[in-house]
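Visitor: I would like to learn how to read a structure like this one, feature by feature. Could we begin with a helix and then work outwards?

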Amino acid sequence: MICVSYTKSCPWHSDGNNETCTELNDRISAFLSNRKELRIIKKYIDRKNSVTAISGFVDMVDDGLEQKYECIIVTGFNQFANSCTAARHYIL
């Protein structure tokens, strides 16, 4: 399956999850190490220095609309949005 990954870091969040994009990508790599049927073709990254920094997310959505991949790998729904409902909206 052709996959992409999406990670973002938000250093100002107080939810206790302040992992860097590098750490998040390492977690994704570990997850994929035993799943040879999944192939990452691109990594989209947003290093959120400001609340409005979403260029990686926009590029991922644009490529998805062009059907360049079949699956998005993330470390959690909080990578997409603040709630499961909002994340579902973006994924659809």
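Visitor: Which residues are buried in helix 2 (residues 55–65)?

Guide: Keep in mind throughout that this is a predicted model. In helix 2, the buried residues are G56, F57, M60 and D63. Seen down the helix axis, these buried residues fall within an arc of 130°, so they line one face of helix 2. On the other side of helix 2, S55 and L65 are exposed, and the helix is followed by Q67, whose phi is positive, near 55°.

Visitor: Across which strands does helix 2 lie?

Guide: Helix 2 lies across strand 1, strand 2 and strand 3, and runs at about 145° to strand 2. Helix 1 (residues 21–32) also lies across strand 1, strand 2 and strand 3, running at about 150° to strand 1.

Visitor: In what order do the strands form the sheet, and is the pairing parallel or antiparallel?

Guide: As a general idea, strands of a sheet pair through backbone hydrogen bonds, either parallel or antiparallel. Here three strands form an open sheet in the order 2-1-3, and the pairing is parallel. Strand 2 (39–47) and strand 3 stand at the edges with a single partner strand each, so one side of each has no neighbour in the sheet. On average, and with direction ignored, neighbouring strands of this sheet are turned by 25° against each other. Eight bridges join strand 1 (residues 2–9) to strand 2, and the bridge partner of S9 in strand 2 is R47.

Visitor: How do the elements run from the N terminus on?

Guide: The protein has three helices and three strands, and from the N terminus on they run β-α-β-α-β-α. Of the contacts with a separation of 6 or more, 62% are accounted for by residues 24 or more positions apart.

Visitor: Is I72 buried, partly exposed or exposed?

Guide: I72, which has its place in strand 3 (residues 71–73), is partly exposed, because its relative accessible area is 29%, and the cut-off for buried is under 20%. I72 and M60 are 12 residues apart in sequence and 9.0 Å apart in space, C-alpha to C-alpha.

Visitor: How many disulfides are there?

Guide: The test is whether a pair of cysteine sulfur atoms lies within 2.5 Å, and by this rule the count comes to zero. For C71, the closest cysteine sulfur is that of C3, at 3.9 Å, which is too far for a bond. Another cysteine, C21, is buried, with a relative accessible area of 2%.

Note on methods
Residues numbered from 1 in each chain as written. Predicted model: local features only at pLDDT ≥ 70, side-chain atom pairs only at ≥ 80, totals over all residues. Heavy atoms only, no water. Helix = DSSP H or I, 4+ residues; strand = E, 2+ residues; numbered from the N terminus. Buried < 20%, exposed > 50% of the residue type's maximum accessible area, 1.4 Å probe, protein only. Arc of directions from axis to C-beta. Contact = heavy atoms within 4.5 Å. Pairing = 2+ DSSP bridges. Axes fitted to C-alpha atoms, helices over the stretch in contact; angles between N-to-C directions.
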